[in-house]
Structure formats: C-alpha cells, structure tokens
Amino acid sequence: MVLLFDVGNTHTTVALTRNGKEFEKYRLSTVRYETEDELYAFLKSFYKEYIENIPIVVSSVVPSMNVIFEYFAEKYGNGQVYFVSALGYDKIKWNVSYPKEIGADRVADVIAAYKDYGENCIVIDYGTAITIEVIKDGSYEGGAILPGFAMMINALFKGTAKLPLVEIKPYNGFIGKDTESNIQIGTINATVGAIKYVIENIVKEYQTQPVIIHTGGQSVFVKDIVEGIVDKDLTLKGMYYFYEETKNSTR
Ligand SMILES: Nc1ncnc2c1ncn2[C@@H]1O[C@H](COP(=O)(O)OP(=O)(O)O)[C@@H](O)[C@H]1O
Ligand SMILES: CC(C)(COP(=O)(O)O)[C@@H](O)C(=O)NCCC(=O)O
Ligand SMILES: [K+]
C-alpha cells in the first residue's frame, strides 16, 4: 500500500493504492491543512482502513507545503517520502533547458502518458493552470502553460467593476447575448480554441499522429468538446510509476 498526494495550487488529491491502477481518492483544498496532524485527521475521517506505516509519494507544485509531508512520513508513515521530479526519473529523456524546474504534476503526467499511451503523446492537464506536455519518440520535448478556466474568470472578476464570477461551463455558441455567456465564451470557449490551436501546430512536428490525453480536475468541463482520451487518474498513475522506479533504485 502507498499513499499518493497530488498537491496542486487549488486541490490536493490524496489516493491510497496497492497497485497504481485502482485508487481510493479524496480531494482536499490545498489551503485547508498546514500541519501533518491536520492532514492525518482529514485522512482518518476519509479512510476506514489502516493507512499508517506505509510509504508516501508526493507530487507538489506548492513548495511551502512540502515540509508537511516530511513530518507526516516521520510521524504517521514509515519514514519514506518520495518527491516526484524529472531528475529522479531517468527512463525518459527530459529534452528541455532546465528539467529541474518542470512542475511535478507535469512530470507525473509525462511518465504515465509514456508508460500507458506510448512514445508519441500530447497531454493537456486542466487545473489551476492548464499545462500541455509533448512526448515525441519517447522524449519529453517540453510544452506550454495557459491560465486555467477559473483563473481566467477570476481575472475578469477581480480586474473589473461590473463583471461577475460565472460558472465554468462552455457556452453553446460563440455570440453571447448576456454578460454571463459573453464571459463564458471569452474564457472557456476561447481557451479551448487556444488549446486546439497550440495542439494543431504541435502535431505538425510529428511524423506519426500522437495520442491526445486530457486530465486534471477541470477536464470534466471539456470532455465533450475536445477529441482525445480523458484519463482522470493520469497524474496518480505517473506518481505510482515514479515510486516503483525509484524505490528499486535508490533506497
Ligand atoms: N469533486 C470535485 N469537487 C470540487 N471540484 C472539483 C471536483 N472534481 C473536479 N473539480 C474541479 O477541479 C478543479 C481543481 O482541479 P485540479 O486539477 O485539482 O487543480 P490543481 O491540480 O491545479 O489544484 C476545481 O477547481 C474544480 O473545478
Ligand atoms: C504549471 C503549474 C502551476 C500547474 O500546476 P497546477 O495547475 O496543477 O496547480 C505547475 O506545473 C508548475 O508550477 N510548474 C512549474 C513551472 C514549469 O513546469 O515549467
Ligand atoms: K495538475
């Protein structure tokens, strides 16, 4: 058994797994816990089964949270904590300027895409930010970062006097007749258009048609309007693959 913690800027997804395929998942707001004891209390309210004295794997893009998991591993785990990073995984070529700076969630997405979908994939992860990963001939070639849907809606709300916060929902059309639909077109529909534009130009670099995979909490809003596979557990699977690879090599 292993406990996975996917720490994003909005949510922390915690998952208990024994095989890296089935996950007992719960979603916590990342700002809701500040200590290992608070985190443990949350987990004990969710999980009925024994979660103590097992290794933990952390994919964190919020560095200030990382120390919590060190303490958690010491006090409640078996002392082993694996932090996902590109430098810790040498089965993939990280063909970018600074592999160290790639977000851990992106590293996990790339590992899982490569292992589960092959050498030519494009991954889109819809979260606080939207990330695009390019895997070509088994090498990670880099990608792109866009503002997430909620961030776009929030930016219009915070940056103006009159625009409201609207529901994250693509509008069924491209000419809005009221403020809400105008905002939805300009944030959700337009962002999907931007992603399609970027992917269209990335695909030109490939000799073979890449597999397109969508993941992340907000992939739920686009699954009916983009082609490709939706794999909500991609990041968690990548974290488990990272753990499997690392536990055999270092410790
Ligand atoms: N069960 C859920 N409860 C609340 N929000 C959810 C749920 N499932 C998906 N979401 C969406 O997921 C978003 C967070 O996506 P996520 O990929 O976890 O972000 P990040 O990794 O950047 O923290 C939320 O803002 C919400 O729109
Ligand atoms: C782009 C991200 C903020 C996405 O994080 P999330 O939306 O999951 O909170 C994260 O992957 C990150 O902090 N990356 C570091 C910079 C980089 O990947 O180049
Ligand atoms: K993410």
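This is a short chat about a predicted model of a protein chain with two ligands.

Biologist: Hi! What should I know before I start looking at this predicted model?

Modeller: Residues are numbered from 1 along each chain as its sequence is written, while chains are lettered from A and ligands numbered from 1 in the order in which they are written. Local features need pLDDT of at least 70, side-chain atom pairs count only at pLDDT 80 or more, and totals for chains, interfaces and linings use all residues; side-chain values use heavy atoms, with hydrogens and water left out.

Biologist: What is the mean pLDDT of the chain?

Modeller: The mean is 96, and 99% of the residues reach 70 or more; pLDDT is the predictor's confidence in each residue, from 0 to 100. The model also scores ipTM 0.96 and pTM 0.96.

Biologist: Nice. How is the protein chain divided?

Modeller: Into domain 1 (2-83) and domain 2 (119-234), with bounds from an automatic or database domain assignment. Their C-alpha centres lie 28 Å apart.

Biologist: On to ligand 1, then. Which residues are around ligand 1?

Modeller: Among them are Gly8, Thr10, His11, Arg27, Tyr126 and Phe221, where a residue counts if one of its heavy atoms lies within 4 Å.

Biologist: Which atom of Gly217 lies 2.9 Å from an oxygen of ligand 1?

Modeller: A backbone N or O atom of Gly217. For Gln218, a polar side-chain atom lies 3.2 Å from a ligand 1 oxygen. Taken alone, ligand 1 exposes 570 Å², and the protein buries 66% of that; areas come from the Shrake-Rupley method with a 1.4 Å probe.

Biologist: What about ligand 2? How many residues surround it?

Modeller: 13 residues surround ligand 2, and the closest are Asn9, Gly103, Asp105, Arg106 and Ala129.

Biologist: How far is the side chain of Asn9 from a ligand 2 oxygen?

Modeller: An N or O atom in that side chain is 2.8 Å from an oxygen of ligand 2. Asp105 also has a polar side-chain atom 2.8 Å from a ligand 2 oxygen. The protein covers 76% of the 460 Å² of accessible area that ligand 2 has on its own.

Terms used. A polar contact is a pair of N or O atoms within 3.5 Å; within protein, one must be able to donate a hydrogen and the other to accept it, and residues adjacent in sequence count only if both atoms are side-chain atoms.
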